[in-house]
Amino acid sequence: MAADRLAYGLLAEFATPEAVLEAARWARAAGYRRMDAYTPFPVKGLAEAIGFREARVPRLTLIGGVFGAALAFFMQVYVSLDYPLNVGGRPLVPVPAFLVVTFELTILFAVLFSVGSMLFFNGLPRLHHPLFEAAPFQLESMDRFFLCIESADARFDRQQTAAFLRSLGPLSISEVPG
């Protein structure tokens, strides 16, 4: 098992989108959870087949927006109460006057949380990916479809996983160096 960790995983090459979709479904049914599919164009149903979960970025964007709005509003309330300006009968906490800054910080923090969480969940910045070392992977952007089962998967065993992938009928199977 320690030798399995030296490789990033096993990469199976398929000729058609239907083949990689079916292979992903079989791999998921066989208990593999750490896998990814690479295609030259979107394949309907492939994300669900590999077990892609709902994105967390929209929720974090909402949290960032709410945080920004609360921060802006309570910052302005604090300044108004700590340094009151009693001019012409103006209220101590003029809510309509606070809306512009509150709106601006809502947008700012929503965008910052959105970009930050997207970078974090995608594992970026990553300047190099182990899949770039696999020779057949160069065809991914042209006309081939790939399914990679990562060695980090609890069920991964080099021989058993390779035998499983061979049973799915790929064009080739290659090891992705770690």
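Gly 31 follows helix α1 and has a positive phi, near 105°. This is a predicted model, in which local features need pLDDT of at least 70 and side-chain atom pairs count only at pLDDT 80 or more, while totals for chains, interfaces and linings use all residues. Residues are numbered from 1 along each chain as its sequence is written, and side-chain values use heavy atoms, with hydrogens and water left out.

**Overall architecture**

- The protein chain contains five helices and four strands; helices (H or I, at least four residues) and strands (E, at least two) are DSSP runs, numbered from the N terminus.
- In sequence order, these elements give the pattern β-α-β-α-α-α-β-α-β.
- The radius of gyration of the protein chain is 25 Å, whereas a compact globule of 178 residues would have a value near 16 Å; the radius is taken over C-alpha atoms, and the globule rule is 2.2 Å times the number of residues to the power 0.38.
- Along the principal axes, the C-alpha atoms of the protein chain fill a box of roughly 80 × 35 × 30 Å.

**Surface and contacts**

- Buried residues make up 35% of the 178 residues of the protein chain, where buried means under 20% relative accessible area, exposed over 50% and partly exposed in between (1.4 Å probe, protein chains only).
- The accessible surface of the protein chain is about 11100 Å², and 66% of this surface belongs to carbon and sulfur atoms; the areas come from the Shrake-Rupley method with a 1.4 Å probe, and for residues only the protein chains shown count as cover.
- Of the contacts (heavy atoms within 4.5 Å) between residues at least 6 apart in sequence, 81% join residues at least 24 apart.

**Helix α1**

- The end C-alpha atoms of helix α1 (residues 17-29) are 18 Å apart, in agreement with the 18 Å that its 13 residues should span at 1.5 Å a residue; the expected span is 1.5 Å times one less than the number of residues.
- Pro 17, Val 20, Leu 21, Ala 23, Ala 24 and Ala 27 of α1 are buried.
- Viewed down the axis of α1, the buried residues fall within an arc of 165°, so they line one face of the helix; the arc is that of the directions from the helix axis to the C-beta atoms.
- Glu 18, Trp 26 and Ala 29 are exposed on the other side of α1.
- The cover over the buried residues of α1 includes β1 (7-14), β2 (35-38), α2 (46-49), β3 (145-150) and α5 (158-167).

**Leu 10**

- Leu 10 lies in strand β1 and counts as buried because its relative accessibility is 5%.
- Leu 10 and Ile 173 are separated by 163 residues in sequence, yet their C-alpha atoms are 6.9 Å apart.
- Beyond its neighbours within four places in sequence, Leu 10 has contacts that include Leu 147, Ile 149, Phe 156, Leu 165 and Ser 174.
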